[in-house]
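The sequence and the structure come next.

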Amino acid sequence: MTATTTGAAGAVEAVEAAGPRDALRLLCRDSRTADGLSRTADGLSWDELPWGRAHAVFDASPDVAEVVARQDLEDWLDCGLLHYPVLNAMRGGTPVPPEELTRVMHVSGDPRGGYVDGAKVRAQLAAGATVVVQNLHEWHRPAQHLCRRLARLFSAKAGAVAFWTRAGEDGLRVHRDDGHLFVVQISGTKRWFLYDTPREAADWRPGYVPEQDLAGAGTVEKAETVEAVEAVEKAETVDLRAGQVLYLPEGIAHHTRTLDTESVHVTVAIREPGLRDTVELAVRACLARIPDHATLSGTPADRERAADDLLTRLADALGRVDRAALVRDVSRRAAETRGSR
């Protein structure tokens, strides 16, 4: 069992990394069924979260369901010091220019630009833009507390972003995210269109999905070809309601539409240690044995022999790396890194 300690705020802090099962206990409301097991809204038990394989829906724990309140957004617009691009907006997949969201504030008589203008942001929201509030884990205490706990449980980076969209509007275009997502629906209902879940890292890239990959998938209303409409109709849909959490595996292609009322949701991204990070850490340890002033010297043949000797010794050193210590180190570094990227 994971050891725990109580923090200053009175919340339970996880000390020892445990993984998706204990993270789910943190995120999910504990509701026992007739078989005595705690299950998600999809009927999954704690041990059955399909990590990296399929999406799942469950009821949020009370703290998670209130990690951001609808009133928080109003307060940030009217009484906060948010600065672009901590708050930004997207409309039709295109960023809204900062001057359409910000104002100049006079601080000690000096004009300072880039501060969020509540009236401008609300005008963009009314015009169909999705308002995005970034890096909640850096400055919003409840989100920071949640992300730190999840980072320790997953031995991974954890970060949170809020999305605010009016009724009947699409969110971002079809895209893939480079992390596992836990989507907390704060208010309203949002329909998620879910496509393929890649099995191999080589099969996908983060970002917007090229039209040819999903036949130009978008909403049916905006699809321009028969193929595009068919692609949307084949997508699996999930209507996420306030108080629920949607788990999305890394890389799954998706887009969203807000239904009959405005939607506010918070996405918590879990980004596990990268293979490149692992290799870099292992190689860095081996490179530490080579003096900075050592050079490839002599004729081309001499340099080739020196390079061959160097690479042979590097391969030998990598073969003797303590794998368990390497994994612990890269996991610790990921969990302790502020932010999600």
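In this predicted model, the side chains of Arg 257 and Asp 170 are joined by a polar contact of 3.0 Å. The points below start with Arg 257, then turn to the sheet and to the protein as a whole.

**Arg 257**
- Arg 257 lies in strand S16, which covers residues 254-258.
- The relative accessible area of Arg 257 is 18%, and because the cut-off for buried is under 20%, Arg 257 counts as buried.
- The partner of Arg 257 in the 3.0 Å polar contact is the side chain of Asp 170.

**The sheet of 8 strands**
- Eight strands form an open sheet in the order S3-S15-S11-S17-S9-S8-S4-S5, and the pairing is antiparallel.
- The edges are held by strand S3 (56-59) and strand S5 (94-95). Each has a single partner strand, so one side of each has no neighbour in the sheet.
- Strands of a sheet pair through backbone hydrogen bonds, in either a parallel or an antiparallel arrangement.
- Strand S8 (residues 130-133) and strand S9 (residues 157-165) run antiparallel and are joined by 3 bridges.
- Val 132 stands opposite Phe 163 in S9.

**The whole protein**
- The protein contains 10 helices and 17 strands.
- It has 341 residues, and 45% of them count as buried.
- Of the contacts between residues at least 6 apart in sequence, 78% join residues at least 24 apart.
- The accessible surface comes to about 18300 Å², and carbon and sulfur atoms account for 51% of that surface.

Methods. Residues numbered from 1 in each chain as written. Predicted model: local features only at pLDDT ≥ 70, side-chain atom pairs only at ≥ 80, totals over all residues. Heavy atoms only, no water. Helix = DSSP H or I, 4+ residues; strand = E, 2+ residues; numbered from the N terminus. Buried < 20%, exposed > 50% of the residue type's maximum accessible area, 1.4 Å probe, protein only. Polar contact = N/O pair within 3.5 Å; in protein donor to acceptor, adjacent residues only side chain to side chain. Pairing = 2+ DSSP bridges. Contact = heavy atoms within 4.5 Å. Areas by Shrake-Rupley, 256 points an atom, 1.4 Å probe, with all protein chains shown as cover.
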